Amino acid sequence: MIELTAGFMPLTDSAILLAAKEKGFAEEEGITLELVRENSWANMRDRLAIGHFDIAHALAPMPLAANLGLTPFDTKLIAPMALGSGGNAITVSNSLYEAMSSKAQFSVSDAAAAGGALRLVVEQLKHGAKKTLHFAVVHPHSVHNYELRYWLAGCGIHPDADIEIVVLPPQLMADALAAGQIDGYCVGEPWNTIAVSRGVGKIATVKAAIWASSPEKVLAMRANWAAENEQTVTCLVRALYKASLWCADKANVSALCHILAKPEYLNQSADIIEPALTGSILNGASLNSGLAFFEPHAQAATFPWRSQALWIYSQMVRAGHVAHDSSNKQIVHDSFRPDIYRAALTPLGVAVPAANSKVEGGLLETTAVGVSAQSLFLGPDGFFDGTVFDPDKMDDYIAAQK
Amino acid sequence: MSGPLPSVLIIDENATRASIIEAGLKLAGHNRVTIIDDMNGIAAKIAALAPDVIVIDIENSNRDMLENAFQLSRAVKRPIAMFVDRSDNETMQAAIDAGVSAYVVDGLRQERVKNILDMAISRFNAFSRLERELEEARGALQGRKIVEQAKHMIMKSRGVDEDAAYKLLRSTAMNQNRKIVEVAESLVMSADLLGAGGGNDD
């Protein structure tokens, strides 16, 4: 047995990692997973970098930020696997929701309509009460931040000039919303459901409606550790892949809920965790092609697309977190490692994408694609504003961003 | 020495530990040291203080928020880098191991900052050691109380004196290759479970 120490945050999207341990998938591959709960992404990043953790449940931009030199440690990280797609939502206070609803009708699955309603409220506040809305995210280098900014900008709301984005620990967000300190936030589950269940907020839209079939958390590890432990990484990817299959099986939703709810994991009641897993969080709305709110497995949800790392990079550039040049683009390109994923899973005869990159927004609906083994369905993978991201045209894409 | 020593802000919800670090820094001649142990409105406090060096405990769940606050201050004021020198992995590792992180204004002379960080690390470690020792002392005290209790139970149930009761405990422990306190513990625990309080009369 190989012992691996894994850092995780108490979030619903740690499901694959927790299931790998609890349902024995790690053990079947000869791995004992020691799970350590963390309380900040800064700690997760630093403790992974110095080797307290072998692997980590990480924000998808975290390995990028580390490799681009934006973090304290000069340690290269890689992501050989994504830990599912979707799973975030944008929650707003009851009063903001009401104001938005009075401007225009929208449903959580229609990000453009929700954003349009928000723009009308922001414009009114600008001219009337001169109030700036505050939105919270969990970390500057998070998909939450980049997607929130992308959504706002795409709806005609400047993410710096028109509203203020602050960083708050997720466990404080619902209280801050109730107290009127913030007007909304973008966060992973269960923190949206918690605001809804306490009656202090409502979900305006969800990640899967902003950028369909996109990654949220990834499996991160040190690049040199992965190189020295190739066989272990192969076994780990296999274990997590099997765990993702188990998590995606509707018959296991209740069991998964109870695992996540445990005091040593999320320490929440199961009924707070369930809406994200059953999809009832969408409140009756349905996403394009019936996409799940949080997808642990289907549509290659665990495949680390380089094009997705590169889109995140385009938004890091847009936010002013990093300057764009060809060497930075190459660093990001090399941070996601679909080659490791493919090498680990192809021998099992499972369907793995044959390409490392794709045009994001190229698939408008679920489509069967050419793969290494059996048939695989991908997409839809579009952005809510209909824009297409072709990683080969990065310079044009960045230039077109305001 | 050229110019004043850097100003230091210590952010630690553990007020005792913070004051131990503060005392260390003052001893080393740092007279501009501020402690914040209340996270209320912290971003504004940091902006007002504009410290050269920030020392923070890594168990603080507000670290992501604070890090962002430092990044924002980079845009409006002076650049802030984390730790002293990205290549000084040894110091950084020692810091994280000790449970401390630091943020430093760019351009400060390295040896000055390193002194502050080294001080914080050693005081953090000293504090953990103290806590551990305190915990052990508490454990020892608890152990003595339990042995005392078990002794009295034996005295009562067997009608023997204190010395004999202790000898009985000790020989039981020796025969079973256990610690006296363990035997005493199981005796007290079983008495509790049986609800006899003072032990059985067998």
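In which loop of chain A is A:Pro190 found? Look between strand S9 (184-188) and helix H9 (191-197) of chain A, and there you have A:Pro190. Keep in mind that this is a predicted model. The peptide bond leading from A:Glu189 into A:Pro190 is cis, with omega near 10°. Chain A has another cis bond to look up, from A:Gly379 to A:Pro380, where omega is near 0°. For A:Pro380, go to the loop that runs between strand S14 (376-378) and helix H18 (394-400) of chain A.

Now step back to the layout of chain A. The chain divides into domain 1 (2-84 + 214-342), domain 2 (88-210) and domain 3 (354-400). Taken over C-alpha atoms, the centres of domain 2 and domain 3 of chain A are 27 Å apart.

H6(A) has 17 residues and spans 24 Å from first C-alpha to last, close to the 24 Å expected at 1.5 Å a residue. Its buried residues are A:Ala111, A:Ala113, A:Ala114, A:Gly115, A:Ala117, A:Leu118, A:Val121 and A:Val122. So what do they pack against? Their partners in chain A include helix H5 (94-103), strand S7 (133-137), helix H7 (143-154) and strand S8 (163-167), along with strand S10 (201-206) and helix H10 (207-210). As a general point, an α-helix has 3.6 residues a turn, so residues three or four places apart point the same way.

On the H1(A) side, the contact uses A:Ala15, A:Leu18, A:Ala19 and A:Glu22, while H13(A) brings A:Leu256, A:Ile259 and A:Leu260. Sorted by class, the residues of this contact are six nonpolar, no polar and one charged.

Follow the chain past H13(A) and you come to A:Asn267, in the loop between H13 and helix H14 (270-278) of chain A. A:Asn267 has phi near 55°, a positive value in a residue other than glycine. A:Gln299 also has phi near 55°, and A:Gln299 sits in the loop between strand S12 (294-295) and helix H15 (306-318) of chain A. Their surroundings are another matter. A:Asn267 counts as exposed because it has 11 C-beta neighbours inside 10 Å, whereas A:Gln299 is buried, with 23 other C-beta atoms within 10 Å.

Over to chain B, which has seven helices and five strands. From the N terminus on, they run β-α-β-α-β-α-β-α-β-α-α-α. Of the 202 residues in chain B, 31% are buried. One of its residues to look at is B:Ile146, in helix H5 (residues 110-158) of chain B. B:Ile146 counts as buried because it has 20 C-beta neighbours inside 10 Å. Leaving aside residues up to four places away in sequence, B:Ile146 touches B:Val181, B:Ala184, B:Glu185 and B:Val188. B:Val181 is 35 residues from B:Ile146 in sequence, yet their C-alpha atoms are 7.0 Å apart.

Finally, how do the chains meet? Here 17 residues of chain B are in contact with 17 residues of chain A. Helix H3 (63-76) and helix H4 (89-98) of chain B each supply at least two residues of the chain B side, and H3(B) gives the most, with six. By class, that side has six nonpolar, seven polar and four charged residues.

Key
Residues are numbered from 1 along each chain as its sequence is written. Chains are lettered from A and ligands numbered from 1 in the order in which they are written. This is a predicted model: local features need pLDDT of at least 70, side-chain atom pairs count only at pLDDT 80 or more; totals for chains, interfaces and linings use all residues. Two residues are in contact if their C-beta atoms, placed from the backbone, lie within 7 Å. Helices (H or I, at least four residues) and strands (E, at least two) are DSSP runs, numbered from the N terminus. Ala, Val, Leu, Ile, Met, Phe, Trp, Tyr, Cys and Pro count as nonpolar, Asp, Glu, Lys and Arg as charged, and the others, Gly among them, as polar. A residue is buried if 20 or more other C-beta atoms lie within 10 Å of its own, exposed if 12 or fewer, and partly exposed in between; C-beta atoms are placed from the backbone. The expected span of a helix is 1.5 Å times one less than its number of residues. Domain bounds come from an automatic or database domain assignment.
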